[in-house]
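Subject: Structure handover

Hello,

Here is the structure for you to look through. Please open it first, then read my notes alongside it.

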Amino acid sequence: FAGILKAHSLLGLSSGSILLLPEVPEDLWHAYNLLQEGDLVRCTTLRKVVKESSTGSTTAKKVRTSLTIRVDKVDFDPDSLQVRISGPNVEESKFVKLGAHHTLTLELDRQFSIIKECWDQIFLDRIDEACNPERAAEIAAIVMQPGLAHLCLVTGSITVTKAKIEITIPKKRTGSSKHSSALKRFYEAIYQSVLRHVDFKQIKCVLTASAGYLRDDWFQYMLEQSVRRDDRPFIENKSKFVLCKASSGHKHALEEVFSDPQIMERMSDTKVAKEVKELDRFMRLIDTDPDKAYYGYNHVSKANEEFAIEVLMVTDDLFRSSDIAVRKKYVKLVESVRENGGKTLTYSSLHVSGQQLGQLSGIAAILRYPLPDLDQLELDALEHQKGFGDDDDDESESESDDSVDPDWRIQEDMQDMGF
């Protein structure tokens with residue numbers, strides 16, 4: 001975001017409003033994560049207004065007006081990078097009746113306000129991250145196979161597909177040049193896409209991945225063409241290109257690229273690399289030292305009670321829960337881990353690393369020391385609670401015995417003695 005233009009009472013666990021101006025598509029992803037059902041959103045929108053003249057004829061025109069709606073539903077389109085909000089209008093407007101439903105689309109370079117009853121620490125962290133001027137795209141990645149390539153920009157929060165190149169490449173045939181000419185068209189399409197979409201002033205490295213030698217052939221093509229055409233962005237930044245292996249040209253092949261330790265070393269100072277490194281460390285611990293790696297809310301929460309969490313990893317999906325109680329328990333856990341000296345990482349569900357963590361319930365922890373008896377501790381706690389329950393039952397039985405009429409007891413004893 002361009003910055004927090006105006007904020008009122010933005011303290012943890014208090015109500016307030018904030019005025020934001022999205023500058024890049026990633027800002028809209030942050031806005032999507034800030035919005036919840038029940039929030040108020042105020043921004044300008046186009047509304048179709050129909051006017052009827054004295055003769056009965058009608059004219060329709062679109063007018064721009066400011067609306068405030070209560071959020072009932074929020075949708076994020078990862079392809080068009082748009083946020084759509086729908087809900088009833090809560091402020092009287094010249095063109096929209098009070099209570100009338102409307103859909104707002106948050107757009108780049110257009111201010112909007114968010115009003116909340118409670119700004120918790122996760123929301124405030126999200127705003128700090130969004131307003132950080134160093135959060136721009138750090139990595140570009142090209143994954144390719146013959147006839148198919150994806151060019152992606154990897155930022156701290158999302159992986160954006162900037163171009164998809166598909167060209168039919170015929171098989172090699174003796175005496176035919178169709179294969180080589182189609183391959184050149186394919187290389188040229190990738191070349192132009194990189195030139196158009198990659199800002200080398202911000203990008204720290206360009207990962208170029210494929211199976212076999214396709215990446216090497218394209219890189220050689222890029223070097224030759226950039227010198228011939230004097231394309232300075234390629235000539236001056238050729239050292240930023242990193243050649244690596246990938247099994248296909250589909251977007252999910254990025255997961256293989258990010259799991260390569262040598263690639264991670266080249267990207268060591270980026271936010272994505274730090275997150276991937278911790279997740280890979282967690283995966284290795286599951287195999288080598290499982291008593292120091294736990295996932296699932298119950299196990300992670302129990303480990304936190306033992307002050308054992310070194311790194312807590314959570315997906316942002318968990319903070320978007322429509323159930324306020326569910327969101328609060330995860331926010332409370334994150335705050336507790338920080339108070340206990342642990343490090344917390346929030347993974348984006350639009351990154352391959354976040355999707356991988358999502359398959360492990362969305363929450364995982366690396367412990368400072370092994371907790372081999374964590375499962376047994378939980379069983380003991382359950383047994384302990386059960387024991388208390390039995391004691392309560394005994395006490396209730398004794399209390400009910402004491403509440404019996406004493407005259408009735410005397411009569412019962414006399415009958416037993418034969419009187």
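Let me start with a cysteine. The sulfur of Cys205 is 8.7 Å from the closest cysteine sulfur, in Cys244, which is too far for a bond. A disulfide here is a pair of cysteine sulfur atoms within 2.5 Å. By that rule, the count is zero disulfides. Cys205 is buried, at 3% relative accessible area. Buried means under 20% relative accessible area, exposed means over 50%, and partly exposed is in between, with a 1.4 Å probe and protein chains only. Cys43 also counts as buried, at 6% relative accessibility.

A word on the source. This is a predicted model, where local features need pLDDT of at least 70 and side-chain atom pairs count only at pLDDT 80 or more, while totals for chains, interfaces and linings use all residues. Residues are numbered from 1 along each chain as its sequence is written, and side-chain values use heavy atoms, with hydrogens and water left out.

Now the overall picture. The protein chain has 13 helices and 17 strands. These are DSSP runs, numbered from the N terminus: helices are H or I with at least four residues, strands are E with at least two. Of the 419 residues in the protein chain, 44% are buried. Its accessible surface comes to about 23000 Å², and carbon and sulfur atoms hold 49% of that. The areas come from the Shrake-Rupley method with a 1.4 Å probe; for residues, only the protein chains shown count as cover. Take contacts with a separation of 6 or more in the protein chain: 67% of them are between residues 24 or more positions apart. Contact means heavy atoms within 4.5 Å.

Why is helix α1 (residues 25-34) largely enclosed by the rest of the structure? Because nine of its ten residues are buried. Among them are Trp29, His30 and Tyr32. Helix α2 covers residues 121-130, and its buried residues include Ile122, Phe123, Leu124 and Arg126. Look at the start of α2: a side-chain oxygen of Asp120 reaches to within 3.1 Å of the backbone nitrogen of Ile122.

Stay in that region for Lys116. Which rings does Lys116 lie over? One is Trp119, with Lys116 over its face at 5.6 Å from the ring centre. Another is Phe123, at 3.9 Å from the ring centre. The rule: a charge sits over a ring if NZ of Lys or CZ of Arg is within 6 Å of the ring centre and within 35 degrees of the ring normal.

Then the aromatic rings. Rings of Phe, Tyr and Trp (its six-membered ring) pair if their centres lie within 6.5 Å; planes under 30 degrees apart count as stacked, over 60 as edge-to-face, and the rest as tilted. By this rule there are 14 aromatic pairs. The rings of Tyr187 and Tyr221 have centres 5.7 Å apart and planes at 45°, so this pair is tilted. It links distant parts of the chain: Tyr187 is in helix α3 (residues 178-197) and Tyr221 in helix α4 (residues 214-229), 34 residues apart. Tyr187 and Tyr221 are both buried. The rings of Trp218 and Phe241 have centres 6.1 Å apart and planes at 45°, so that pair is tilted too. Trp218 is in helix α4 and Phe241 in strand β13 (residues 241-245), 23 residues apart. Trp218 and Phe241 are both buried.

Find Thr159 in strand β11 (residues 159-166). Thr159 counts as buried, at 8% relative accessibility. Its side chain makes a polar contact with the side chain of His351, at 2.7 Å. A polar contact is a pair of N or O atoms within 3.5 Å; within protein, one must be able to donate a hydrogen and the other to accept it, and residues adjacent in sequence count only if both atoms are side-chain atoms. Leaving aside neighbours within four places in sequence, Thr159 is in contact with residues including Cys152, Lys251 and Leu350.

Last, two loop residues. Asp109 lies between β7 (101-106) and β8 (112-119). Its phi is near 60°, a positive value in a residue other than glycine. Asp109 counts as exposed, at 59% relative accessibility. Ser361 lies in the loop between α11 (352-358) and β17 (363-367). Phi of Ser361 is near 80°, again positive in a residue other than glycine. Ser361 is partly exposed, at 39% relative accessible area.

Best wishes
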